[in-house]
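Here are my notes on the model, point by point. Please read them with the structure open.

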Number of protein chains: 4
Amino acid sequence: MKRFDWPVRVYYEDTDAGGVVYYANYLKFFERARTEFLRSTGFGQDALMRDSGIVFAVRSITVDYMKPALFNDELLVSSELAVVRRASMLFEQSISRKGGDRALLCRAQVRIACVDVHRMRPSPLPDELFRSLTYDA
Amino acid sequence: MKRFDWPVRVYYEDTDAGGVVYYANYLKFFERARTEFLRSTGFGQDALMRDSGIVFAVRSITVDYMKPALFNDELLVSSELAVVRRASMLFEQSISRKGGDRALLCRAQVRIACVDVHRMRPSPLPDELFRSLTYDA
Amino acid sequence: MKRFDWPVRVYYEDTDAGGVVYYANYLKFFERARTEFLRSTGFGQDALMRDSGIVFAVRSITVDYMKPALFNDELLVSSELAVVRRASMLFEQSISRKGGDRALLCRAQVRIACVDVHRMRPSPLPDELFRSLTYDA
Amino acid sequence: MKRFDWPVRVYYEDTDAGGVVYYANYLKFFERARTEFLRSTGFGQDALMRDSGIVFAVRSITVDYMKPALFNDELLVSSELAVVRRASMLFEQSISRKGGDRALLCRAQVRIACVDVHRMRPSPLPDELFRSLTYDA
């Protein structure tokens, strides 16, 4: 199974008055990591939109929050592509502290659909991307 | 079961380059609605923190995204308190367009824990709040 | 000179680990108020884009931060249209606490250009909007 | 004059329905760069708060927006510490595209005050930080 790690630093913008990362902002970290995952296989989402007219839309997400991330923490977002179908993908992702206690902070399952941006309907993944995601190098 | 509706207007800040509300930002709308739900029962979270030393922490969330909200849309966030326990609550929430097609856009289940902010441990809901949430007026 | 007041409630999403509203988020409040200002004159920005192909782009902003806004504060954003030119507007805006000490929290000058979204070039304000903004009712 | 460059990637979270980076979000990029600037001199803001009880508060900011940053752009934030006083700093910052046309996108002047977090009053910069910022290595 393909696995991809991406580091994230926590800045003031990410935190709230409780002194921890605001619960919606972990979803930003998860998406940055998915974007870099795809980029690492050679696919930028700007090119996919421009050349193939497709975008990725999140269909559902489940997040379990175990421990809070704090201002200035260095985090590691781990992403695994658990399932790849013709027109959708399921990511398993987690965030842990990079140093110190290396604590697992939260976990997510994210279901993504491939969408034809002109017709706003589900679309198969471009062949080349599908092969790149399903065959191991 | 108590149900509470709260209107939300979509501004540029909420949207992304796909032309729709960014997927993490629906979590902001859900939280605004939970905050106003609690306020409508007579409990402000600033007072709860100051007077009782408790805060609410999201333990888990599941969101199903059905249709996208667009710039300038007027939305309605509906919140129901499905379960109230001594130290936790389960909200069922949904967002629909307020006018036009009144389409259901997304749905969430949100599990909230009551936390003692000084010991950073689970804490029972203050009695008065617990009663207010469990007894019907 | 036209003046327009718009209320804003501070939620957790707006604050940071310093316990106050994050400095970039006041710009969201200022923009919500400008959007509602225009709506109050009868112009929605979604219709302006769809019907006239124009959008408003911020050219420059100066913000003076005097006192911080806190979680749960009710704020009032006051907006004045100080200058209206054929293809640009200058807003003077301020944010104060709605209740309590009614303290003035911050102030901004915002220069906005009217842009033709297809050619991505400056465009005159639509006549009807220009008249609505320059003639007093 | 000390100058510090910090790269930033534009993700969906940063953009709006206009297809460009939302105007408030450049302030996040500017702050990330200032945070890393200070870190590069050996000072983390979490340690400064914990050990010296000081935080940095933005007193004023002026931003000129010249050209928009787009989804997926790689940006470079350049920061210069133009003035260092006993209890304040003035940063000159700019954002340009890292590759392609290397266009200058926006520019900011940011005045920062050093604040005693317990008394919520201006405080001198810690000696060691002051020396590190004013003496060239």
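This is a predicted model: local features need pLDDT of at least 70, side-chain atom pairs count only at pLDDT 80 or more; totals for chains, interfaces and linings use all residues.

1. Start with chains A and B. Each side of their contact is made of 15 residues: 15 residues from chain B and 15 residues from chain A. On the side of chain B that touches chain A, two elements give two or more residues: α1 (25-40) and β2 (54-65) of chain B. Of these, β2(B) gives the most, with nine residues. The class make-up of that side of chain B is eight nonpolar, four polar and three charged residues.

2. Strand β2 (residues 54-65) of chain A runs antiparallel to β2(B), and five bridges join them.

3. Now chain C. C:Glu128 sits in helix α3 (residues 127-134) of chain C. Is C:Glu128 buried or exposed? It counts as exposed, because it has 12 C-beta neighbours inside 10 Å and the cut-off for exposed is 12 or fewer. C:Gly42 lies 86 residues away along the chain, with 10.0 Å between the two C-alpha atoms.

4. In chain D, follow strand β3 (residues 74-84). Strand β1 (residues 3-9) of chain D pairs with β3(D) in the antiparallel sense over seven bridges. Within this pairing, D:Phe4 has D:Ser79 as its bridge partner.

5. β3(D) is also joined to strand β4 (residues 88-97) of chain D, antiparallel, by nine bridges. Here D:Ser78 stands opposite D:Ser94. The two strands, β3(D) and β4(D), form a hairpin with three residues between them.

Notes:
Residues are numbered from 1 along each chain as its sequence is written. Chains are lettered from A and ligands numbered from 1 in the order in which they are written. Two residues are in contact if their C-beta atoms, placed from the backbone, lie within 7 Å. Helices (H or I, at least four residues) and strands (E, at least two) are DSSP runs, numbered from the N terminus. Ala, Val, Leu, Ile, Met, Phe, Trp, Tyr, Cys and Pro count as nonpolar, Asp, Glu, Lys and Arg as charged, and the others, Gly among them, as polar. Two strands pair if DSSP finds at least two bridges between them. A residue is buried if 20 or more other C-beta atoms lie within 10 Å of its own, exposed if 12 or fewer, and partly exposed in between; C-beta atoms are placed from the backbone.
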